[in-house]
Structures are given as C-alpha cells and as structure tokens.
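Hi everyone, thanks for making time.

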Amino acid sequence: MSVNQLSDSAQNYLKIIYGLNEWSSDPVTASVIATKAGMKLSTVSGALSKLRQQGLLDHAPYGAVTLTELGRDYAMTMVRRHRLIETFLVQMLGYRWDQVHDEAENLEHAVSDFMVTRIDELLGHPNRDPHGDPIPNAEGRVNIPDAINLSDARDGSNVIVERIADDDSQLLQYFSDQGIHVGVELNVTSAEDFSETTNVRVAGEKPTLRLGARASSAVWVSLKP
C-alpha cells in the first residue's frame with residue numbers, strides 16, 4: 001500500500017510520532033501527541049487504535065506509542081516530502097524560513113512520489129532543510145547530526161547551530177532578526193545566577209543575547225571543532 005492510500009490524518013499522526021522521537025528520547029504517549037497535534041485526547045486515542053489495527057504502530061494502554069517498521073517507512077516518506085517542500089519553497093520560490101512550515105503541511109498530502117523525486121533532483125539531493133532538520137533519502141535513511149540542546153551547552157564554549165525547531169514562526173522571525181540560523185557560530189557566555197537564561201553572542205558580534213527557556217530549547221548545536 002502506498003502512503004497516498006492513507007488518510008491525511010493518518011499521515012499526520014505518523015509524522016508527528018516520528019518527529020517527537022527524532023530529537024528526544026522521552027516516551028511518546030497519546031497525551032503528548034494530542035498536545036502536539038492540538039487535538040482532544042479522546043480523538044487521538046481513537047485514531048491511534050485504528051493505526052494499530054492497520055499494523056502501523058504499537059500502543060499498549062496508557063503506555064508509549066512506537067512505530068512499526070511499516071509505520072516508520074510511511075512516516076519517513078511524509079517527513080521527506082515535508083522537508084523537501086520546505087527547501088523548495090525557500091530556495092526556488094523565495095519564501096522565508098518562517099513561512100514554509102504551514103505551507104508544506106498542506107502540500108505534502110497532495111504531491112505525488114514522482115513530483116517529490118523531481119524536486120529532490122532539482123535541488124541537488126539536499127540532506128538538510130532550511131531549519132537544519134535532516135531530509136531522509138529515497139530509501140528512508142537519515143543522518144541526524146550529533147547535536148545537543150543549546151540550553152545544555154557549557155559556558156565559554158563555541159558552538160555551531162545545527163537545527164532550529166520550525167513550529168513557532170514568531171520565534172523563527174526573532175532568530176532571523178538576531179542573525180541566528182543554521183551554520184552560525186555562537187559563543188556561549190556566562191549567565192547571571194538564577195536568571196534561567198542562556199546567554200550567547202553571534203560570532204563577530206558584540207551584543208549578548210539573553211535567551212529564555214522557550215528560545216534556547218528550540219536550538220540544537222554542535223561543539224565547534
């Protein structure tokens with residue numbers, strides 16, 4: 001069965017479940033999925049039951065949700081579509097990185113596998129989207145960069161931005177205004193005691209940015225070699 005034979009809702013659930021585990025080892029539960037999807041828990045529970053019956057996921061009552069091999073294959077197909085479309089919109093149509101998430105959410109259900117292949121070829125087979133998220137290849141293999149959350153970076157370290165979460169357009173606009181994007185070097189500086197901020201300076205710039213938990217938790221970085 002092709003992923004196109006699944007409902008848009010089923011495609012979304014599989015993509016959400018994969019995404020929740022991509023950068024976190026925390027268990028994926030029905031309540032976590034409901035929060036991410038912005039839906040009622042009862043609605044999500046019913047949908048998960050149907051997906052389990054289709055052999056796409058495993059879900060013990062009140063337990064964690066995990067994708068089966070088939071479910072993961074379909075999830076990777078949708079993730080690949082979404083991230084290639086985002087990259088296409090930015091590189092070829094001039095969208096800003098804060099404009100593409102919702103657009104890709106709509107388009108990913110309509111495109112054919114043939115169109116996805118052509119987009120991939122046109123873009124030169126990119127392996128990262130505009131936000132740094134890895135793009136699975138046609139076989140579903142993905143290379144996730146070795147990165148930590150910015151909030152876990154040590155004071156005094158120099159880091160490279162590897163990925164910025166794309167689900168908050170206002171936060172993406174803020175980062176863009178501050179010159180923070182994928183590939184930028186940041187100097188992590190000491191924060192005041194009990195301030196609960198992560199202080200950084202864009203390499204080559206003097207002003208220090210005091211990032212709260214909402215901002216710092218959206219950024220993943222690697223240590224500069």
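I'll go through the helices, then an aromatic pair, then the sheet.

Quick housekeeping: this is a predicted model, where local features need pLDDT of at least 70, side-chain atom pairs count only at pLDDT 80 or more, and totals for chains, interfaces and linings use all residues. Residues are numbered from 1 along each chain as its sequence is written, and side-chain values use heavy atoms, with hydrogens and water left out.

Helices (H or I, at least four residues) and strands (E, at least two) are DSSP runs, numbered from the N terminus. The unreviewed UniProt entry annotates residues 6-68 as "domain: HTH dtxR-type"; such annotations may be inferred rather than shown by experiment. That stretch is 57% helix and 10% strand, and its end C-alpha atoms sit 15 Å apart.

Let's look at helix H1, residues 8-22, and helix H3, residues 41-53: their axes come within 11 Å and cross at roughly 95°. Axes here are lines fitted to C-alpha atoms, for helices over the stretch in contact, with angles from 0 to 180 degrees between N-to-C directions. So H1 and H3 are roughly perpendicular, a label for 65 to 115 degrees. Touching here (heavy atoms within 4.5 Å) are Ala10, Tyr13, Leu14 and Ile17 of H1 with Thr43, Val44, Ala47, Leu48 and Leu51 of H3. By class, that's eight nonpolar, one polar and no charged. Nonpolar means Ala, Val, Leu, Ile, Met, Phe, Trp, Tyr, Cys and Pro; charged means Asp, Glu, Lys and Arg; the others, Gly among them, are polar.

H1 also packs on H2, at about 110° with axes 10 Å apart, so H1 is roughly perpendicular to H2. Tyr13, Ile16, Ile17 and Leu20 of H1 meet Val32, Ile33, Lys36 and Ala37 of H2.

Now, how many aromatic pairs does the whole structure have? Two, counting rings of Phe, Tyr and Trp (its six-membered ring) with centres within 6.5 Å. In one of them, Trp23 and Trp220 have ring centres 5.6 Å apart and planes at 50°, so the pair is tilted, since under 30 degrees is stacked and over 60 is edge-to-face. Trp23 is in the loop between H1 and H2 and Trp220 in strand E8, so they tie together parts 197 residues apart in sequence.

And E8 brings us to the sheet: six strands, open, antiparallel, ordered E3-E8-E4-E5-E6-E7. Strands pair if DSSP finds at least two bridges between them. At the edges are E3 (148-149) and E7 (209-211), each pairing on one side only.

Key
Angles under 35 degrees count as roughly parallel, over 145 as roughly antiparallel, 65 to 115 as roughly perpendicular and the rest as oblique.
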